[in-house]
Amino acid sequence: MNEHRSGEWTPGLSADEKATLFAVAEDTLEWCVRGGPEPFSWDGYELTDKLREKTATFVTLKIRGGLRGCIGSLAPVAPLAESVHDNTVNAALRDFRFHRVAPGELGQIEIHISILSPIREIASLDEFRIGEHGIILEKGRYRAVYLPEVAAEQSWDKEETLSSLSRKAGLPPDAWREGARFKVFSSVVLSK
């Protein structure tokens with residue numbers, strides 16, 4: 001199990017808890033793509049107190065390093081294990097940018113689980129650090145988010161990140177310069 005921290009924050013999971021989260025994600029992916037029995041069975045998973053704690057997560061699916069689906073929640077709306085389950089289903093079947101994951105793709109998919117720290121508003125963009133922080137842009141009714149690893153993977157500087165984030169929100173690329181609010185968070189990404 002690989003763990004990448006974007007900053008100092010950590011959810012403090014044990015090796016067994018991380019393995020359980022990954023088992024939930026892998027089993028969920030297989031279950032939702034192949035159409036397993038309803039509802040999903042939680043039998044056989046040791047759900048500790050930490051895995052029952054409400055936590056925000058994202059699940060990213062990749063094939064040969066390319067994005068295949070990514071959905072998550074910024075707010076801690078569900079227990080950690082359930083959040084990973086729900087976001088795995090959503091990344092596989094409901095990411096509007098892609099067709100649903102097909103059974104023939106299952107053997108190629110890499111799963112990345114991002115566990116998010118609490119979100120905090122920043123007073124100045126000087127507080128935003130590429131690679132350490134995920135960032136949320138809010139301007140009027142528009143909103144967009146990038147996980148901490150996105151800007152680093154794209155080799156973007158701060159201005160390129162914010163311009164891309166503005167476009168992702170449906171705004172002009174320079175919309176971030178005036179009247180926008182920003183929030184940041186850190187993450188821990190689990191992968192194999």
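Author: Let me begin with a cut-off: a residue counts as buried when its relative accessible area is under 20%, and as exposed when that area is over 50%. Please bear in mind that this is a predicted model.

Reader: Why is Thr161 called buried?

Author: Thr161 has a relative accessible area of 1%, and because the cut-off for the term is under 20%, Thr161 is called buried.

Reader: Where does Thr161 lie, and which residues is Thr161 in contact with, leaving aside its neighbours within four places in sequence?

Author: Thr161 belongs to helix α4, which covers residues 158-168. With those sequence neighbours set aside, Thr161 is in contact with Phe128, Ile130, Tyr146, Ala151 and Trp156, contact being taken as heavy atoms within 4.5 Å.

Reader: How many helices and strands does the protein have, taken as a whole?

Author: There are four helices and nine strands, and along the sequence they follow the pattern β-α-β-β-α-β-β-β-β-α-α-β-β.

Reader: What makes the protein as compact as a globular protein of that length?

Author: The globule rule gives 16 Å for 192 residues, and the radius of gyration of the protein is 17 Å, which is close to that value, so the protein is as compact as a globular protein of that length. Along the principal axes, the C-alpha atoms fill a box of roughly 50 × 35 × 30 Å.

Reader: What share of the 192 residues counts as buried, and what share of the contacts between residues at least 6 apart joins residues at least 24 apart?

Author: Of the 192 residues, 50% count as buried, while 72% of the contacts between residues at least 6 apart in sequence join residues at least 24 apart.

Terms used: Residues numbered from 1 in each chain as written. Predicted model: local features only at pLDDT ≥ 70, side-chain atom pairs only at ≥ 80, totals over all residues. Heavy atoms only, no water. Helix = DSSP H or I, 4+ residues; strand = E, 2+ residues; numbered from the N terminus. Rg over C-alpha atoms; globule rule 2.2 N^0.38 Å. Buried < 20%, exposed > 50% of the residue type's maximum accessible area, 1.4 Å probe, protein only.
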